[in-house]
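Please read them with the coordinates open.

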Amino acid sequence: MSKLLDIKTLGQLKQTGYKSRSVKDELRANLIEQLKKREGGFEGIIGFEDTVIPDLQTAILSRHNILLLGLRGQAKTRIARLLVNLLDEYIPYIEGSELFDDPYNPISWFGHSIITDKGDDTPIGWIHRSERYTEKLATPDVTVADLIGDVDPIKAATLKLTYSDERVIHFGLIPRAHRGIFVINELPDLQARIQVSLFNILQEKDIQIRGFKLRLPLDIQFVFTANPEDYTNRGSIVTPLKDRIESQILTHYPRSVEISRKITQQEASLTDDQRIAIEADGLVKNLVEQIAFEARNSEYIDKKSGVSARLTISAYENLISNAERRMIINHEKTTFVRITDFLGVIPAITGKIELVYEGELEGPGKVANILIGKAIKSLLLSFFPDPEKAKKAKAPNPYAAIINWFGDGNNVALVDDMPMQEYKKALEEVVGLKDLVKKIHPRLGESQQLLLMEFVLHGLSEFSQLNKGFLDNGFAFSDMFNSLFNLQPDDDDLDIDDDRY
């Protein structure tokens, strides 16, 4: 490759025997090499190995333009950007050409004229694959001039050209993406009349600008992304345009907590200090992912809108930061994530869910707390016996000592800035709680043991065997049948029916 980069003229390029090929042939040939070597090619894309990626590879082998269709937060744009890795590292172009003309097949007036004038002495430049990617977010204010081009009267006046001269044209983004990949994000947001302007480019490969009858055989790999058409009232893809896009590939959300967790851990932006000082057990990591799964099935949330993978990424970052805040306040050197830290996750949830009417009645904060509660309930059964079955079984109820302790009028308050020793003391006061955890999970460290002890309290409240009240900065647990108002009369922070938001 270094020898190729030393080539500066068309004549030198011809002597090497270099053969140019279309961008779609490039993608196809390089993909074939990857498949032969069994290389992935789409680094960082997790959970699509058996679904989206094979469809994408098939479309590339077929040299198709591609539409990635799916709800928000399904890595559509990232997939499009990774296609650049399938291009050749460098390709030659006629130096000075705004369309990066192929020296062997120029398409612009500039390219044709310079080769006519200079022949084999035509200067050659080299363009890296990273510069051959163009992306445009479709917004209602996008014009045909932005995408295709327009007549530039200033250029005409400066160069003293008539409007019949091809050189007065100022090319838009699409012609300038010649020999590269062009991506339009959120295609339905593009006005229908603008979508119509793409018809000829996709099918006949020519463009129409004002009164010019211009045939530019553009060499472009088009990739479009879109949400399903029935999502909100933003518009749709006009049928003739959809007909011209050869492959439509459906994306999806992670299909298991394990895959979702890998994505979150890969994408979460944490500092080195956070990673070193704050322990996050597998339980809390799974709990973050379970919240998203509960949200996607929630009656309060609009399923057509979807629940982005960005929810779990932001939630995990908030979870770690909430634990870090407590560590700093209490002058501790290390800490671990507690269930109470999930109070800090609520802002990451409320901004990323679209509520249906029933959800609006509840309010986003209440819905977020409901989702966290359902996630705890779902995961409890993976770590401990089912409290409902244990209550009805003939065998001794493993939770009996805990429930009886609260039944005697005792209660526990856990707040998110509680120092380690106070947190430990509060949990160990609950008779039977530590014994239950040690019996079922005998080989745990102290932090994991305390985490599971708190987890049991939250789980029992979700199974309606304990009462959980919401404090401004934590939770209070008591017997299911005794009012939390039996606490100290001046405990104004307590509100059973409300949440923080």
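1. Basis. This is a predicted model, in which local features need pLDDT of at least 70, side-chain atom pairs count only at pLDDT 80 or more, and totals for chains, interfaces and linings use all residues. Residues are numbered from 1 along each chain as its sequence is written, and side-chain values use heavy atoms, with hydrogens and water left out.

2. Confidence. The protein chain averages a pLDDT (the predictor's confidence in each residue, from 0 to 100) of 88. At least 70 is reached by 91% of the residues. Residues 483–501 are the stretch to flag: pLDDT is below 50 there. That stretch still has 33 contacts in the model beyond near neighbours in sequence. A contact means heavy atoms within 4.5 Å. Where pLDDT is low, the predicted coordinates should not be read in detail.

3. The parallel sheet. Five strands form an open sheet in the order β4-β7-β10-β1-β11, and the pairing is parallel. Strands (E, at least two residues) and helices (H or I, at least four) are DSSP runs, numbered from the N terminus. Two strands pair if DSSP finds at least two bridges between them. β4 (133–137) and β11 (247–250) are the edges; each has a single partner strand, so one side of each lacks a neighbour in the sheet. Neighbouring strands are turned by 20° against each other on average, direction ignored.

4. Pairing and cover of that sheet. Strand β1 (residues 66–69) pairs with β11 in the parallel sense over four bridges. Within this pairing, Leu67 has Gln248 of β11 as its bridge partner. Helix α3 (residues 23–36) packs on the sheet and touches β7 (180–185) and β10. The direction of α3 makes about 80° with that of β10. Angles run from 0 to 180 degrees between N-to-C directions, and axes are lines fitted to C-alpha atoms, for helices over the stretch in contact. Helix α4 (residues 52–61) lies across β1 and β11, at about 170° to β11.

5. Phe224. Is Phe224 buried or exposed? Phe224 lies in strand β10 (residues 220–226). Its relative accessible area is 0%, so Phe224 counts as buried. The cut-offs are under 20% relative accessible area for buried, over 50% for exposed, and partly exposed in between (1.4 Å probe, protein chains only). Leaving aside residues up to four places away in sequence, Phe224 touches Ile66, Leu67, Leu68, Ile184, Leu187, Leu198, Leu202 and Ile245.

6. The antiparallel sheet. Three strands make an open sheet in the order β14-β16-β15, with antiparallel pairing. The edge strands, β14 (412–415) and β15 (466–471), each pair on one side only. The twist averages 20° from one strand to the next. Helix α24 (residues 446–462) packs on this sheet and touches β14, β15 and β16. The direction of α24 makes about 105° with that of β15.

7. Strand β16. Val412 has Phe477 as its bridge partner in β16. A hairpin joins β15 to β16 through two residues. Six of the six residues of β16 are buried, so the strand is largely enclosed by the rest of the structure.

8. Helices α15 and α16. Helix α15 (residues 282–296) and helix α16 (residues 309–329) pack at about 145°, with their axes 10 Å apart. The α15 side of the contact is Val284, Lys285, Val288, Glu289, Ile291, Ala292 and Arg296; the α16 side is Ala309, Leu311, Thr312, Ala315, Tyr316 and Leu319.

9. Positive phi. Most residues other than glycine have a negative phi, and most peptide bonds are trans. Two arginines deserve a look. Arg38, in the loop between α3 and α4, has phi near 60°. At 78% relative accessibility, Arg38 counts as exposed. Arg179, in the loop between α9 (173–176) and β7, has phi near 70°. At 6% relative accessibility, Arg179 counts as buried.
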